Amino acid sequence: MMKYIVAALLFGGIVGYVNNNWGNIAAGNFVSDYLFNAFLLLLLFVMGISFGMDKESMVKIKKSGFKILIFPSAVALGSILGGFIGGLIFGNAVASMAVSAGYGWYTLAGPLTNQLFGVEWGALGFTVNFLRELLTITTISLTVKVDKYAPIAFGGATAMDTTLPIIIRYCGADTLITAFSSGFVLSLIAPFTITAIAALPH
């Protein structure tokens, strides 16, 4: 899957560069003003369908009750705090916190931060959250030695899908519900958190 994501990103970058230099400027404006929003809404719609169709996971989450919110809340606060500290270095704490509030969901964080803070922060939003998923996979043999729940926190929203198999393999089957529920909750709150942070004065 990852190779297709990288290929699509590179191809899109080439198309955008060619259009910006030799194409139609109006087409570029149409993409940034309308197409981004349309596909973002489509993405959220598809995610909603996915959540609604997964009956088994929904039952497991209901059994956990309100305790299910403790772990992802800690992950969310830690991510945003990390973004705030990074923002003190890069000069825009609000945008940096919004980037971190993607919790690893790079296909959401990239386009959304692009719309809210501009192209540079959109690229950073995609890259940071893409690397979060990549590093979760490549470093899990090390992070699991710190604590078996550390890779789940590191994976953020990806703990419910792309990194879930490798988390189960290294952290044990008993972490399944925690991993899935944490990723589920973080995926649900990511768009709202990013939008709420963007409303802060900056």
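Colleague: What volume does the second largest pocket have?
Modeller: In this predicted model, the volume of the second largest pocket is about 260 Å³.

Colleague: How many residues line the second largest pocket, and which lie nearest its centre?
Modeller: The lining consists of 15 residues. Nearest the centre lie Gly-82, Gly-83, Val-99, Ser-100 and Val-128.

Colleague: Which elements give two or more residues to that lining?
Modeller: They are helix H4 (70-90), helix H5 (93-100) and helix H7 (119-138). H4 supplies the largest share of the lining, 7 residues.

Colleague: And how do the lining residues divide into nonpolar, polar and charged?
Modeller: There are 9 polar residues, 5 nonpolar ones and 1 charged one in the lining of this pocket.

Colleague: Let me turn to Ser-96. Where is its place?
Modeller: Ser-96 belongs to helix H5.

Colleague: Why does Ser-96 count as buried?
Modeller: Its relative accessibility is 8%, and buried means under 20%, so Ser-96 falls in that class.

Colleague: Which residues does Ser-96 touch, not counting those up to four places away in sequence?
Modeller: On that basis, Ser-96 touches Gly-83, Gly-86, Gly-87 and Trp-121.

Colleague: A change of topic: how many aromatic pairs does the structure hold?
Modeller: It holds 5 aromatic pairs. One of them joins Tyr-106 and Phe-130, whose ring centres are 5.2 Å apart. Their planes stand at 90°, so this pair is edge-to-face.

Colleague: Where in the chain do Tyr-106 and Phe-130 sit?
Modeller: Tyr-106 is in helix H6 (residues 106-117), while Phe-130 is in helix H7. The two are 24 residues apart, and their pair links distant parts of the chain.

Colleague: Are Tyr-106 and Phe-130 buried or exposed?
Modeller: Both Tyr-106 and Phe-130 are buried. Ring pairs also link Tyr-106, Phe-126 and Phe-130 into a cluster.

Colleague: What about Phe-180 and Phe-184?
Modeller: Phe-180 and Phe-184 form a stacked aromatic pair, at 6.1 Å centre to centre with 25° between the planes. Both lie in helix H11 (residues 176-198), and because they are 4 residues apart there, about one helical turn separates them.

Colleague: Moving on to the largest nonpolar core, which residues touch the most other members?
Modeller: Tyr-103, Phe-117, Ile-194 and Ile-197 do, out of 22 residues in that core. At least two residues of this core come from each of H4, H5, H6 and H11.

Colleague: Which residues does Ile-197 touch, leaving out those up to four places away in sequence?
Modeller: Ile-197 touches Ile-80, Val-94, Met-97, Ala-98 and Ala-101. Another core, of 12 residues, lies apart from the largest one, and Ile-140, Val-144, Ala-159 and Ile-167 are among its members.

Colleague: Finally, the whole chain. How many helices and strands does it have?
Modeller: The protein chain has 11 helices and 0 strands. Of its 202 residues, 39% count as buried.

Colleague: And what share of the contacts joins residues at least 24 apart?
Modeller: Among contacts between residues at least 6 apart in sequence, the share is 67%.

Conventions
Residues are numbered from 1 along each chain as its sequence is written. This is a predicted model: local features need pLDDT of at least 70, side-chain atom pairs count only at pLDDT 80 or more; totals for chains, interfaces and linings use all residues. Side-chain values use heavy atoms; hydrogens and water are left out. On a 1 Å grid over the protein atoms alone, a cavity is a set of points where a 1.4 Å probe fits but cannot get out, and a pocket is an open set with protein on both sides within 12 Å along at least five of seven lines; lining residues have an atom within 4 Å of a point. Grid points are joined across faces, edges and corners, and a volume is the space filled by probe spheres set on the points. Ala, Val, Leu, Ile, Met, Phe, Trp, Tyr, Cys and Pro count as nonpolar, Asp, Glu, Lys and Arg as charged, and the others, Gly among them, as polar. Buried means under 20% relative accessible area, exposed over 50%, partly exposed in between (1.4 Å probe, protein chains only). Contact means heavy atoms within 4.5 Å. Rings of Phe, Tyr and Trp (its six-membered ring) pair if their centres lie within 6.5 Å; planes under 30 degrees apart count as stacked, over 60 as edge-to-face and the rest as tilted. A nonpolar core is a set of buried Ala, Val, Leu, Ile, Met, Phe, Trp, Tyr and Cys residues joined through side-chain atoms within 4.5 Å.
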